[in-house]
Amino acid sequence: MTNYLEVTNLSKSFDSFQLHNISFTLPKGYIMGLIGPNGSGKTTTIKLILNMLGRTGGTVKVMGLDNITEEQKVKSELGVVFDTNYFSDDWKVSQVEKSISVFYPNWNRQKFADMLRKFHIAPTKKVKELSKGMQMKLMLACAFSYDAKLLILDEPTSGLDPVSRDELLKILSEYIEDGEHSVLFSTHITGDLERAADYITYISYGELFFTGSKDDFVDIFRIVKGGIEELSDDLKTQPLPAKAGRFGLLLKQPKVCTLKVISYPFLLPYLKVIGIALLLQILILNVRFDYFIRHISTARYKISPCP
């Protein structure tokens with residue numbers, strides 16, 4: 001499998017924060033979500049990939065090219081979308097093309113015009129007259145016009161209304177359909193990951209918590225919830241963190257959950273896979289589990305045997 005992005009032992013030291021030995025790979029033709037709590041190092045990681053910050057250690061390769069020694073070639077294959085517009089507010093859309101296209105020898109003017117029509121962006125409008133969602137589409141139109149093989153987005157759906165967010169996720173899914181393009185996007189919106197991501201890299205306060213497929217990420221967690229009366233007699237004799245005759249556990253298999261809860265091996269036959277959106281809400285938002293467990297649907301997460 002060809003990797004479009006290879007990050008190996010990437011590190012960056014600040015006075016009050018350290019990004020420590022982050023490693024992950026993004027295969028050709030897939031979407032990866034870069035996730036973690038605020039201040040965990042997601043944007044720092046993206047800036048290091050783009051060589052916008054000097055790194056303390058590690059390597060980054062884009063399509064097999066080193067992101068420092070072959071920076072110009074690397075950036076000709078990258079499309080970048082930040083959560084804020086990086087064009088001059090007073091530029092007209094037509095001026096955006098004139099200013100950006102000179103940096104990309106393979107710029108396709110017809111493709112840019114087609115993208116503007118598809119996204120319903122008038123060439124005569126000024127950038128500042130576009131909504132945030134339309135500015136995002138303009139940045140994507142530019143990336144598509146020189147056929148960027150790897151698209152990197154930093155919090156692209158932040159601040160977008162639900163309709164615009166759905167449109168963006170659809171655009172990204174269409175972008176990788178031919179198997180020749182990949183996407184790395186950071187987000188804290190769990191629903192985006194559930195809908196669009198094939199792979200997940202989770203960074204927690206500068207440390208790599210997980211990297212791998214979305215299915216593998218979900219599979220290492222189990223949720224147990226129910227009433228004491230639902231347990232067999234032998235399980236009732238085991239110590240449980242129960243209140244008012246009920247219990248709830250989030251377990252990371254096979255050992256201790258990194259976040260909070262001790263694993264109870266005797267409950268394994270009663271475990272059920274947790275949905276990724278709810279799991280990520282616990283992880284990213286640091287929701288207290290004893291609070292969370294009282295507010296999820298009892299019917300959906302009732303104890304049941306593993307398949």
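Modeller: By class, the lining of the largest cavity has 4 nonpolar, 2 polar and 2 charged residues, where Ala, Val, Leu, Ile, Met, Phe, Trp, Tyr, Cys and Pro count as nonpolar, Asp, Glu, Lys and Arg as charged, and the others, Gly among them, as polar. This is a predicted model, in which local features need pLDDT of at least 70 and side-chain atom pairs count only at pLDDT 80 or more, whereas totals for chains, interfaces and linings use all residues. Residues are numbered from 1 along each chain as its sequence is written, and side-chain values use heavy atoms, with hydrogens and water left out.

The structure holds 1 cavity of 30 Å³ or more, a cavity being a set of points, on a 1 Å grid over the protein atoms alone, where a 1.4 Å probe fits but cannot get out. About 40 Å³ of space lies in the largest cavity, a volume being the space filled by probe spheres set on the points, which are joined across faces, edges and corners. Its lining, meaning residues with an atom within 4 Å of a point, is made up of G133, M136, K137, L160, S164, E167, L168 and I171. The elements that give two or more residues to this lining are α5 (132-145) and α6 (162-175), helices here being DSSP runs of H or I with at least four residues and strands runs of E with at least two, numbered from the N terminus. Of these, α6 gives the most, with 4 residues.

Leaving aside its neighbours within four places in sequence, L138 is in contact (heavy atoms within 4.5 Å) with F87, V93, V96, F112, L116, I121, V127 and L130.

Beyond α5, D147 is placed in the loop between α5 and β7, and has a positive phi of about 55 degrees although it is not a glycine.

Terms used: 1 Å grid on protein atoms, 1.4 Å probe; cavity = no way out; pocket = protein on both sides within 12 Å on 5 of 7 lines; lining within 4 Å.
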